[in-house]
Amino acid sequence: MDDGLNPYGNGSAAAKQDILVQFRNVSKTYDGNDLAVRNLDLDVRKGEFLTLLGPSGSGKTTTLMMLAGFESPSDGSIWLSGNRIDTLPPHRRGIGVVFQQYALFPHMTVAENVAYPLLCRKAPKHEIRDKVQNALELVQLADFAKRKPSQLSGGQQQRVALSRALVFEPSIVLMDEPLGALDRKLRETLQIEIRRIHQELKVTIVYVTHDQNEALTMSDRIAVYRNGEISQIDTPDEIYGNPRDSYVATFVGESNLLPGVVTDTGGDHTVQVALDAGAPAEAVASGGAALLAGQRIAASVRPENVRACASLDDLPDTCPAGLNRLEGTVADIMFLGEQYRLNVSLSDGQAFIVKLPISEASRFAVGHPIVVYWDRSDLRILEVVSAGGDT
Ligand code: ADP
Ligand code: MG
């Protein structure tokens with residue numbers, strides 16, 4: 001096969017070992033018109049738990065299916081361990097796959113289902129017996145080997161699917177919303193289980209979900225998808241704490257987006273802004289882009305980084321005079337279990353969210369005034385909306 005240009009190039013042997021999968025400029029269209037995935041460059045590191053996170057229709061499944069071999073790219077190349085694989089049939093890629101729907105063979109027992117990939121690979125009988133036993137123990141289903149899928153709960157069926165994806169010791173396992181059909185409690189149990197298996201086997205996992213909490217708790221890295229492209233790929237910490245733009249900031253966790261204008265770029269990392277909501281504030285730029293006075297920007301502060309008091313007189317002395325605060329009215333108070341969420345209507349009508357510890361929430365009531373404030377380092381400028389001069 002003509003491998004084309006090996007994307008590893010003349011890179012070091014270490015870099016070669018570190019990266020298991022490479023997508024190079026991969027695009028996919030189903031109808032010859034719209035791109036489900038566009039110009040995708042993606043490296044999957046050996047042993048990592050990488051999650052593709054994004055809304056429905058953003059291209060996550062298409063990416064996974066091209067890696068598994070059930071769809072082929074319209075353009076570009078895919079590499080596994082330095083070998084080009086995008087023209088190989090699925091069974092020759094050595095990749096394990098788990099789908100949302102269990103896709104077990106209903107007429108086979110649990111053990112037969114798990115044995116299936118080994119039978120296809122013509123493994124010897126005794127090896128099949130041992131490996132099936134081990135793979136079932138891994139997902140705590142050794143006692144269910146003789147049952148049929150219909151005699152299992154949804155969670156158990158998904159464990160069988162997981163066991164079947166792992167039994168032939170693939171270097172990489174792909175999971176497409178594997179817990180999507182399960183109730184919340186079971187989903188959390190299996191999230192922990194999948195993490196444990198990942199650590200125990202040191203297998204590389206590419207996991208698809210549209211659930212940001214699932215992505216944040218399970219992943220080593222998250223790729224945030226938008227319209228067939230990756231907006232940001234980073235550790236959960238970075239994605240949450242340092243979102244690259246307002247799309248990532250609002251898709252992963254909640255954010256209060258505050259539009260405004262840069263008034264002074266100052267000397268240090270802080271810039272002065274005039275928020276449309278009616279207050280001067282200090283903000284830090286999250287990207288590397290140079291900011292200029294007059295630019296319209298979108299800034300954001302996380303609801304859990306906001307504090308609140310009932311009136312300006314109650315502001316702590318440590319708050320710089322007249323800065324980094326907004327006034328409004330409490331529109332709604334919701335109990336979230338560990339904390340309260342206050343929906344605030346700012347004086348200009350904009351909605352604003354605050355999350356407060358239980359001990360502090362009792363000071364507020366719906367319809368009463370509220371002052372929200374934050375540390376200047378918690379207001380981040382996410383993007384420049386326009387060059388300015390139009391304000
Ligand atoms: P996700 O998994 O993020 O929800 P998909 O990869 O399934 O997204 O879909 C990406 C885009 O490709 C969507 O616009 C979807 O409608 C389209 N698409 C997916 N599969 C097919 C298919 N088999 N035929 C035609 N269009 C498809
Ligand atoms: Mg999908």
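**Reading a ligand shell and a sheet**

Reader: Which residues surround ligand 1?

Author: A residue is near a molecule if one of its heavy atoms lies within 4 Å of it. Here Tyr-30, Ala-36, Pro-55, Ser-56, Gly-57, Ser-58, Gly-59, Lys-60, Thr-61 and Thr-62 surround ligand 1. This is a predicted model: local features need pLDDT of at least 70, side-chain atom pairs count only at pLDDT 80 or more, and totals for chains, interfaces and linings use all residues. Residues are numbered from 1 along each chain as its sequence is written, chains are lettered from A and ligands numbered from 1 in the order in which they are written, and side-chain values use heavy atoms, with hydrogens and water left out.

Reader: Which polar side-chain atom lies 2.7 Å from an oxygen atom of ligand 1?

Author: A polar contact is a pair of N or O atoms within 3.5 Å; within protein, one must be able to donate a hydrogen and the other to accept it, and residues adjacent in sequence count only if both atoms are side-chain atoms. That 2.7 Å atom belongs to Thr-61. In the side chain of Thr-62, an N or O atom sits 2.5 Å from a ligand 1 oxygen, and for Ser-58 a polar backbone atom is 3.1 Å from one.

Reader: And the sheet: what order do the strands take?

Author: Strands are DSSP runs (E, at least two residues), numbered from the N terminus, and two pair if DSSP finds at least two bridges between them. This open sheet has 6 strands with mixed pairing, ordered E6-E7-E8-E3-E9-E10. Strands E6 (95-98) and E10 (229-234) are at the edges, each with a single partner strand, so one side of each lacks a neighbour in the sheet.

Methods:
Helices (H or I, at least four residues) and strands (E, at least two) are DSSP runs, numbered from the N terminus.
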